[in-house]
Amino acid sequence: MAVFEISEYKERLQKTKEKMASKGMDVLLVTDPANLNYLTGYDGWSFYVHQCLIVLLDEEEPFWIGRNQDANGAKVTTYLNENNIIPYPDYYVQSTERHPMDFVCNILKEIGKTNCTIGLEMDTYYFTAKCFTQLQLGLPQATFTDATSLVNYVRIIKSDTEIEYMRKAARIVENAMQVGIDAIDEGVRECDVVAKIMHAQISGTVEFGGDYPAIMPLLPSGERTSTPHLTWTDEKYKSGIPVILELAGCYNRYHSPLSRTVFIGEPDPKIKYLADVVTEGLNITLDSIKPGVTCEEVEEVWRKTIAKSGFEKESRIGYSMGLNYPPDWGEHTASLRPGDNTILQPNMTFHCIPGIWLDEYGVELSESFRVTESGIEVFANFPRQLFVKNTTKVF
């Protein structure tokens with residue numbers, strides 16, 4: 001039932017082991033749900049309880065450790081041998097007397113991995129301080145080292161199949177974005193627009209359905225567009241305000257994010273000007289991207305372009321993305337920002353989102369792309385402009 005060939009999973013695992021060996025790790029505990037998926041195909045909404053993979057240098061397959069009732073999910077979605085799927089009893093779940101990492105410690109003791117170097121994804125959403133303290137208590141002879149983003153950097157260059165999944169995600173987000181723009185209008189509730197968007201995200205296309213995205217639709221309106229990452233309310237849209245839409249299509253957990261800005265009524269000249277600046281900056285920045293340039297150099301193009309119009313933006317303008325689970329579709333590796341000297345290579349994929357948020361309003365336009373042999377492939381085919389409702393003019 002895994003969505004890639006077994007040979008691809010094994011290649012990913014081998015690259016992970018090579019990184020482990022280079023850093024002196026004997027064992028790697030993988031707790032990021034995207035990394036569990038990447039290495040085995042495991043796909044379930046079980047990340048609200050503790051789960052992990054145990055990757056050993058001297059074992060052909062990793063061990064999946066998770067809640068007993070999720071073990072069949074591992075059998076259904078992964079390529080792993082059943083002997084490598086080890087569930088823990090339900091009395092470990094949200095208990096004040098024991099912890100799932102106690103179970104993990106016992107497994108490592110059974111297989112003779114008590115006096116070794118163990119890599120931990122220390123800075124992931126689902127690895128808690130309690131996880132760390134229980135591992136320290138249970139394995140006092142072990143040496144723990146930070147393995148945050150070790151697997152993430154293996155993921156940074158995508159396979160052809162991964163790219164194809166992201167192209168499908170782009171078809172989904174094109175439709176969802178159009179549905180959202182069409183639905184936004186004076187007197188319509190924000191939540192009703194989002195309901196239509198989410199229906200489009202999940203129903204997908206006639207050829208293939210969609211998956212749930214790692215981030216909910218972000219649709220701030222009016223003064224709320226002065227900041228990113230706000231969702232929606234049940235208020236009705238009014239004339240004379242901007243609306244930002246930041247969405248993603250998702251297919252087999254692979255994302256293609258896209259942002260656009262709408263204005264209801266005759267556009268405010270200040271917002272139209274800002275939209276022109278953002279659009280020009282995005283166009284010039286995308287045109288500059290090719291293999292061999294660094295993330296820092298890409299951001300510099302954007303910064304110099306908007307500076308001519310008197311604008312500055314302190315935050316990064318993009319990040320590597322693709323496979324993920326809530327709460328984020330980013331990969332937590334390369335960022336398009338000063339100081340990041342990651343060299344772009346073919347089949348790296350990014351979300352470039354050079355939005356500008358001022359004190360009272362903001363504008364977002366973004367594109368997801370892959371680096372090609374000579375430039376980039378923009379995943380979505382969607383007009384790059386400020387969209388205007390209740391007028392025949394297009395700006």
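Select Tyr212: at 22% relative accessibility this residue is partly exposed (buried is under 20% relative accessible area, exposed over 50%, partly exposed in between, with a 1.4 Å probe and protein chains only). The model is predicted: local features need pLDDT of at least 70 and side-chain atom pairs pLDDT 80 or more, while totals for chains, interfaces and linings use all residues. Residues are numbered from 1 along each chain as its sequence is written, and side-chain values use heavy atoms, without hydrogens and water.

Next, show the aromatic pairs; the whole structure has 21. Rings of Phe, Tyr and Trp (its six-membered ring) pair if their centres lie within 6.5 Å; planes under 30 degrees apart are stacked, over 60 edge-to-face, the rest tilted. Trp45 and Tyr212 make a tilted pair, 5.0 Å centre to centre with 55° between the planes. Trp45 is exposed, at 53% relative accessible area.

Move to Tyr92 and Phe103. Their ring centres are 5.7 Å apart and the planes stand at 75°, so this pair is edge-to-face. Both Tyr92 and Phe103 are buried.

Now select Phe4, Tyr9, Tyr79, Tyr165, Phe208, Tyr251 and Tyr254, which form one aromatic cluster. Lys168 lies over the face of Phe208, 5.3 Å from the ring centre.

Notes:
A charge sits over a ring if NZ of Lys or CZ of Arg is within 6 Å of the ring centre and within 35 degrees of the ring normal.
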